[in-house]
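Hi,

Here is the structure I promised to pass on. Have a look at it first, and then read my notes below.

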Amino acid sequence: MRHFVEVQTVVIGGDLVVKAKSFAKQVTPTIGSPGSGYRDTNQFNLQKIENDHFVSKIGEEAVRIVFEQFGRQVRGPDYQIYEGKQKSWDTDLYIDGFGLAVKTQAASLAKKFGLSWTFQAGIYRKDPILNNLGAWVCFVEFNETTRQCRVYPPYQIKELTFGEPKLDKLKGSKKVVYAESLPVIGNK
């Protein structure tokens, strides 16, 4: 799975930005309303929820592009809109048939909270990947102004150090991986 060990830079084309924005706009009403299962995230601002989904989809596209540049077979991102119980915690991408989660943070948020990526770790909702130490994840930093993504090499969950979020209201429901805690990797 580790086909590269250095951060890769990708500029996202305007067509993919439009596609990701359209997806975020369509998916938000299915998750941002009361009773939709999103309330446990402590996020009720629909504009923020929409932007989070936009940024996430951009990160998935960036990772897809990078792996395809390395000649890998990539399935995803998934742009289907799922309702209620149809929503799943399926992996974001498949690289040569192997699942890969993608976590993306906007550069504007990195300036406020430090470059980091958040996992659900609450009582009612927990990223299943946290229970699979062998699972793989790619981290992405997305600069909204330049449409540039910095894609970090894949890591297994067992290689990561999880910390607490900076915002007190998120402590106890989320775990965070900070960029400065990422292990240095060599050719493996």
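Let's start with a term you'll need all the way through: a residue is called buried under 20% relative accessible area, exposed over 50%, and partly exposed in between (1.4 Å probe, protein chains only). Arg147, for instance, has 34% relative accessibility and so counts as partly exposed.

Some housekeeping. This is a predicted model, where local features need pLDDT of at least 70 and side-chain atom pairs count only at pLDDT 80 or more, while totals for chains, interfaces and linings use all residues. Residues are numbered from 1 along each chain as its sequence is written, and side-chain values use heavy atoms, with hydrogens and water left out.

**The overall picture**

The protein has three helices and nine strands. Both kinds of element are DSSP runs numbered from the N terminus: helices are H or I with at least four residues, and strands are E with at least two. Along the sequence, the order is β-α-α-β-β-β-α-β-β-β-β-β. There are 188 residues in the protein, and 45% of them count as buried. The accessible surface is about 10100 Å², with 50% of it belonging to carbon and sulfur atoms; such areas come from the Shrake-Rupley method with a 1.4 Å probe, and for residues only the protein chains shown count as cover.

What about contacts (heavy atoms within 4.5 Å)? Among those between residues at least 6 apart in sequence, 65% join residues at least 24 apart. Here is a pair of residues to look up yourself: Gln120 and Leu170 are 50 residues apart in sequence, and their C-alpha atoms are 9.7 Å apart in space. Gln120 is in strand 5 and counts as buried, at 13% relative accessibility.

Now find strand 7, residues 148-151. Which of its residues are on the covered face? Those are Cys149 and Val151, while Gln148 and Arg150 make up the uncovered face.

Two strands pair if DSSP finds at least two bridges between them. Strand 1 (residues 8-11) runs antiparallel to strand 7, and four bridges join them. In this pairing, Gln8 stands opposite Val151. Strand 6 (residues 136-143) is also antiparallel to strand 7 and joined to it by four bridges. On that side, Glu141 stands opposite Arg150.

Strands 6 and 7 form a hairpin with four residues between the strands. This is where Arg147 comes back: it sits in the loop between strand 6 and strand 7, and its phi is near 60°, a positive value in a residue other than glycine.

**Rings**

Next, the aromatic side chains. Rings of Phe, Tyr and Trp (its six-membered ring) pair if their centres lie within 6.5 Å; planes under 30 degrees apart are stacked, over 60 edge-to-face, and the rest tilted. That rule gives nine aromatic pairs. One of them is Phe54 with Phe142, an edge-to-face pair at 5.9 Å centre to centre and 70° between the planes. Phe54 lies in helix 2 (residues 46-69) and Phe142 in strand 6, so this pair ties together parts that are 88 residues apart in sequence.

Phe119 and Phe139 are another edge-to-face pair, with 6.4 Å centre to centre and 80° between the planes. Phe119 belongs to strand 5 and Phe139 to strand 6, so the parts tied together here are 20 residues apart in sequence. Both residues are buried. They also belong to a cluster that ring pairs make of Trp117, Phe119, Phe139, Tyr152, Tyr155 and Phe162.

Phe119 has a charge over its face as well: Lys103 lies there, 4.7 Å from the ring centre. (The rule is NZ of Lys or CZ of Arg within 6 Å of the ring centre and within 35 degrees of the ring normal.) Lys57 does likewise over Tyr79, at 5.1 Å from the ring centre.

**Two backbone spots to check**

The peptide bond from Gly76 to Pro77 is cis, with omega near 0°. You'll find Pro77 in the loop between strand 2 (74-75) and strand 3 (93-95).

Asp96 has a positive phi, near 50°, and is not a glycine. Its place is the loop between strand 3 and strand 4 (98-106), and Asp96 is partly exposed, with a relative accessible area of 30%.

Cheers

Technical notes
Contact means heavy atoms within 4.5 Å.
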